[in-house]
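Me: I have a model open and want to go through its layout. Can you take my questions as they come?

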Amino acid sequence: MTLYEEELGPLAKRPRVDYNTNYESLGHPFLLPPQLVEIQLAKKPSEETPNHILLYTVLNPAFPISCEVLHTISNPFGKVLRIVIFRKNGIQAMLEFDSVESAQRAKDSLHGCDIYSGCCTLKIEFAKPSKLNVYKNDSESYDYTNPGLGSTVLDPAVLTVGNQRPVLLKDPLIPAGDALSVASLPSMALTLRPHQIFANPGQVAVTLATPTPISFSNLLTQTLPRLPSPGSLVAPSTQPIIQSQLSQTTPAPVVSPPPIQPQGSVTMVYGLNCQRMNCTRIFNLFCLYGNVVRVKFLKTKEGCAMVQMGDSLAVERAVNNLNNITFFDSKMQLGFSKQAFLADVQQPYELPDASPSFMDFMGNKNNRFINPEMASKNRIQPPSKILHFFNTPPGLEASDIESIFTKAGAPRPKCIKMFPSKTERSSSGLIEFESLSDALEGLVAANHVPVENPTGKFPYIMKLCFSSSKAIPVIIH
């Protein structure tokens, strides 16, 4: 009798596993073998209508699943409004997103991923309800549009994402110091599934087991090989590890994946001048091409940062327009990252200017693509030595604009031309610099600088962008 028949019984007598996966064996959760997990993931309804509400089914729920966990893994793909968890048939949950597009991104990115290594696999489908009703904020239901609905306040889980296989959370939410032995963690939990190693469905990795007790953190960092995020290629450094694991149990080689076009929302930035650049200055430049969500400098790679944009289109615009530009005596190069999103950094290190190495710009009002109306006002332009400035106080002179740039540590403009004011609410104009590098340095330093409002309590926030003009005209009508 085969291994799976010994654990599940003859094929004709096996239990239905469409949703109810809460099997117990000797007091411990019984995890489904990888073949059955793949069968569940492959099942699709005959008719599926896109909706902003998703149904999450958690296969092999070896660890507790709460609203905190689901919100942590889902929110990077779009704003989560409400979550309701129900446990009638295993563990399922409905998540309401702010739009169908956000729900589609979450479904495409998270379906088939493991929340924790080797278990808690997500099967995601479009749900039928048009709205979720939440009556109390707790671990089983939560309305993020009304945080005061319940007394429980959910702390964001620490999410560490690197060049890994699609494991969504590093550690389960269990008391610190608890150790998990192989006896308490079913052996089938430590299994790589075929779609995660780009192998044929028949090539299933061997169970990784050890007789000695191990902690969950050691299990993630030492026992299992790291694989990349969903939809990305296997890195050269990880491919030999996977092949060595498979060679112990099956002669079939790992099949190389077909070429995949980058579709993530994270871009890699190389060649930054660490003494002059920080997260805010990166935001000031990249916000011209899309919403900036998070910026993170890499401590182990000097001059290297990662930028999470609002969507993959924004990444493409940034790469197409900003790659290989030179400023602060350094050539900046951009590339597509394999990560789907940037995780929060709880304790960022300090950059040379004492600013944090990680910043979250999710709710920043200076993002310029927040809604379709705002996005339509932006003209996507490649870098040029002429900048357009706007949203400055009325009545400013060219000398005032020059003073703003020099105080911000930017190069002195070559020429400044004020537009005739069409309103008394603000002023605007064009600024020309000696070179493209000077214009770039001026933009990253002075974009979004507050300008004193002589007639009001709150300052103006000067905004800059690249102009399509080749030269400043002598007369501006």
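Me: What joins β6 to β7?
Reply: Two bridges do, and the strands run antiparallel. This is a predicted model. β7 covers residues 119-126.

Me: Which residue in β7 is the bridge partner of D114?
Reply: T121 is the partner of D114.

Me: And what is the order of strands in the open sheet?
Reply: The six strands go β6-β7-β3-β5-β4-β8, with antiparallel pairing.

Me: Why is one side of β6 and of β8 left without a neighbour in the sheet?
Reply: Because β6 (114-116) and β8 (141-143) stand at the edges, each has a single partner strand.

Me: By how many degrees are neighbouring strands turned against each other?
Reply: On average by 25°, ignoring direction.

Me: Which helix touches β3, β4, β5, β6, β7 and β8?
Reply: Helix α3, residues 67-74, packs on the sheet and touches those strands. Its direction makes about 140° with that of β4.

Me: Where does α4 lie?
Reply: Helix α4 (residues 100-110) lies across β3, β5 and β7. Relative to β7, helix α4 runs at about 140°.

Me: Changing topic: which residues touch the most other members in the largest nonpolar core?
Reply: L285 and F286, out of 52 residues in that core. Helix α11 (residues 436-446) gives the most to the core, with six residues.

Me: What does L285 touch?
Reply: Leaving out residues up to four places away in sequence, L285 touches L322, I325, F327, M332, L440, L443, V444 and F466.

Conventions:
Residues are numbered from 1 along each chain as its sequence is written. This is a predicted model: local features need pLDDT of at least 70, side-chain atom pairs count only at pLDDT 80 or more; totals for chains, interfaces and linings use all residues. Side-chain values use heavy atoms; hydrogens and water are left out. Two strands pair if DSSP finds at least two bridges between them. Helices (H or I, at least four residues) and strands (E, at least two) are DSSP runs, numbered from the N terminus. Axes are lines fitted to C-alpha atoms, for helices over the stretch in contact, and angles run from 0 to 180 degrees between N-to-C directions. Contact means heavy atoms within 4.5 Å. A nonpolar core is a set of buried Ala, Val, Leu, Ile, Met, Phe, Trp, Tyr and Cys residues joined through side-chain atoms within 4.5 Å. Buried means under 20% relative accessible area, exposed over 50%, partly exposed in between (1.4 Å probe, protein chains only).
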